[in-house]
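Open the model in your viewer and keep the selection tool at hand. This tour goes from one stop to the next.

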Amino acid sequence: MEFEKRNDFLICVDSDGCAMDTMDVKHRKCFGPCLVEIWGLFSRQDQVLSRWNNINLYSMTRGVNRFKGLALMLREIQDTFMAIEGLEDLEAWVREGGELSERALEYRVRERGSLCLEMALLWSRKVNERIDGLSFQDKLPFAGVWEALSQARGRGDIAVVSSANRQAVEEEWRYYGLLDLVDLVMAQDMGSKASCISRLVGMGYERDHVLMAGDAPGDWKAAEESGVLYYPILAGRERESWKEFGEEGIERFFGGRFGGEYQEEKVREFLENLGRPR
């Protein structure tokens, strides 16, 4: 990891669904349809796609790692209408708590050779190909992202911390001129978000000088596990969230007034927005 701490403060930003308006289009046009194709679920397509979108976009599992989401969906399919050969192998790999990336899955396939693991790898590669085929007009940054990050630039270090494919993240951020505003990109190939944040904290930041901006429960949990602050970008209210972050959240963060009541109120709004009042 080539990164040098330059400031006392660090802002970590998720990509899909947080900084970039890419989450819905990737799940609706890539992840879900590729699942239907690889497992031959055409007769149940509407049902499968609806459940896939609910798991990955509209509930407390929003933003879950792609392989965890796949295991959840395949378990529902097996329990509901069709046996999935080797599903237990995929579930076991997901449960182990190691790196859940395509690279790690390739190693697991060579080690175990399970049909479900092989199909999961094929699915992931097909998803990446489909995402690569999306136009940049399908993958816009949310309004307010550039302004907020520009305001933070120079006052704190900025890292993208994402569970998405590295190449896709870097291409999207570079195209819209956002990559120049960040110091580091940590993507799927570098491990979980919690481990990425912890590695960054270990470079000498005080934990209350580190903030994770994200749109999903996994982002919030990663921040909690790492003992750092969390600012939520609310699904469906992204423009409003980024506007507040740029106008108030950043100033509170650099001024030492983010934690406590303000942080608690933001988390309450976040949980209520995903349908789980605290």
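Start with Leu 149. With a relative accessible area of 1%, Leu 149 is buried, because anything under 20% counts as buried. Keep in mind that this is a predicted model.

Color the helix around this residue. Leu 149 sits in α7, which spans residues 145–152. Now show its partners from beyond four places away in sequence: Leu 149 touches Val 13, Ile 158, Trp 173 and Leu 181.

Next, jump to Gly 69. Gly 69 and Leu 149 are 80 residues apart along the chain, and 30 Å separates their C-alpha atoms.

Now select residues 66–80, helix α3, together with residues 87–95, helix α4. The two helices pack at an angle of about 145°, and their axes lie 10 Å apart. Their crossing is left-handed. On the α3 side, show Phe 67, Lys 68, Leu 70, Ala 71, Leu 74, Arg 75 and Gln 78. On the α4 side, show Leu 87, Glu 88, Leu 90, Glu 91, Trp 93 and Val 94. By class, this contact holds 8 nonpolar, 1 polar and 4 charged residues.

Stay on α4. Which of its residues are buried? They are Leu 87, Leu 90, Glu 91, Trp 93 and Val 94. These residues cover an arc of only 160° around the axis, so they lie on the same side of α4. Residues three or four places apart in an α-helix point the same way, because there are 3.6 residues a turn.

What covers the buried residues of α4? The cover includes α3, α5 (102–112) and α6 (115–132).

Gly 97 takes a positive phi of about 85°.

How values were computed. Residues are numbered from 1 along each chain as its sequence is written. This is a predicted model: local features need pLDDT of at least 70, side-chain atom pairs count only at pLDDT 80 or more; totals for chains, interfaces and linings use all residues. Side-chain values use heavy atoms; hydrogens and water are left out. Axes are lines fitted to C-alpha atoms, for helices over the stretch in contact, and angles run from 0 to 180 degrees between N-to-C directions. Helices (H or I, at least four residues) and strands (E, at least two) are DSSP runs, numbered from the N terminus. A crossing is left-handed if the near helix is turned anticlockwise from the far one by less than a right angle, and right-handed if clockwise. Contact means heavy atoms within 4.5 Å. Ala, Val, Leu, Ile, Met, Phe, Trp, Tyr, Cys and Pro count as nonpolar, Asp, Glu, Lys and Arg as charged, and the others, Gly among them, as polar. Buried means under 20% relative accessible area, exposed over 50%, partly exposed in between (1.4 Å probe, protein chains only). The arc is that of the directions from the helix axis to the C-beta atoms.
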